[in-house]
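Keep the sequence and the 3D view at hand while reading.

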Amino acid sequence: MEQDRLTRLLKMNREQFRRRTGVYPETFAEMEEVLTLREGRKKKSGRPAALSVGEQLLMTLEFWREYRTFAHLADDWGVHETTVHRTVERVEAALIASAQFQMPKKRVFQEAQLVYSIVAVDASEVPCERPKKNSAAGTAGRKNVIP
């Protein structure tokens, strides 16, 4: 089913592709080429990936475009939630490492989210209203009356 999703996407016209993924088909092809080169340089050991390079890229673009949770993407793509997380991180790292694509750094997002709050506190001294120490009105009864 995932392969059907990728083939359906590749058959869309340019504007539909852009609306669905957030990038044009030419950019998608360049990104896929960068990821394919990275896969070629990688030492092949362990279990093969459950998703092809194009599917990994499409899943990452869906995450960026729709900002869905990893659990929802995992359910749609038929993989585990941690697989989605690792895939998104790997694709991001590979695209950032290539000179062709520049992703905003996390610092840019953090600086954009800074919100300053100014709180004004009136710290002027005002005398408290208390009864005088030797005032009879403040004492209800004598202390020596207590048995």
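## The second largest pocket

A pocket is an open set of grid points with protein on both sides within 12 Å along at least five of seven lines, and its lining residues have an atom within 4 Å of a point. The model shown here is predicted.

The second largest pocket holds about 500 Å³ of space. Its lining consists of 18 residues, and those nearest the centre are Arg 47, Pro 48, Ala 49, Ala 50 and Arg 90. The most comes from α6, with four residues. By type, the lining has five nonpolar, five polar and eight charged residues.

## Helix α3 against α6

The angle between α3 and α6 is about 100°, and their axes are 10 Å apart. Angles of 65 to 115 degrees count as roughly perpendicular, so α3 is roughly perpendicular to α6.

On the α3 side, the contact is made by Met 31, Val 34, Leu 35 and Arg 38; on the α6 side, by Arg 90, Val 91, Ala 94 and Leu 95. Of these residues, six are nonpolar, none is polar and two are charged. Arg 90 of α6 takes part in this contact and is also one of the residues nearest the centre of the second largest pocket.

## Helix α3 against α4

Helix α3 covers residues 25-41 and helix α4 covers residues 53-66; they pack at an angle of about 125°, with axes 9 Å apart. This angle makes α3 oblique to α4. The crossing of the two helices is right-handed.

From α3, the contact uses Phe 28, Met 31, Glu 32, Leu 35, Thr 36, Arg 38 and Glu 39, while α4 supplies Val 53, Gly 54, Gln 56, Leu 57, Leu 58 and Leu 61. Seven of the contact residues are nonpolar, three are polar and three are charged.

## Helix α4 against α6

How do α4 and α6 pack, and how far apart are their axes? Their angle is about 95°, and the axes lie 9 Å apart. That makes α4 roughly perpendicular to α6.

Gln 56, Leu 57, Met 59, Thr 60, Phe 63 and Trp 64 of α4 meet Val 84, Thr 87, Val 88, Val 91, Glu 92 and Leu 95 of α6. The residues of this contact divide into eight nonpolar, three polar and one charged. Val 91 and Leu 95 of α6 are in the contact with α4 and also in the contact with α3.

Methods. Residues are numbered from 1 along each chain as its sequence is written. This is a predicted model: local features need pLDDT of at least 70, side-chain atom pairs count only at pLDDT 80 or more; totals for chains, interfaces and linings use all residues. Side-chain values use heavy atoms; hydrogens and water are left out. Axes are lines fitted to C-alpha atoms, for helices over the stretch in contact, and angles run from 0 to 180 degrees between N-to-C directions. Angles under 35 degrees count as roughly parallel, over 145 as roughly antiparallel, 65 to 115 as roughly perpendicular and the rest as oblique. A crossing is left-handed if the near helix is turned anticlockwise from the far one by less than a right angle, and right-handed if clockwise. Contact means heavy atoms within 4.5 Å. Ala, Val, Leu, Ile, Met, Phe, Trp, Tyr, Cys and Pro count as nonpolar, Asp, Glu, Lys and Arg as charged, and the others, Gly among them, as polar. On a 1 Å grid over the protein atoms alone, a cavity is a set of points where a 1.4 Å probe fits but cannot get out, and a pocket is an open set with protein on both sides within 12 Å along at least five of seven lines; lining residues have an atom within 4 Å of a point. Grid points are joined across faces, edges and corners, and a volume is the space filled by probe spheres set on the points.
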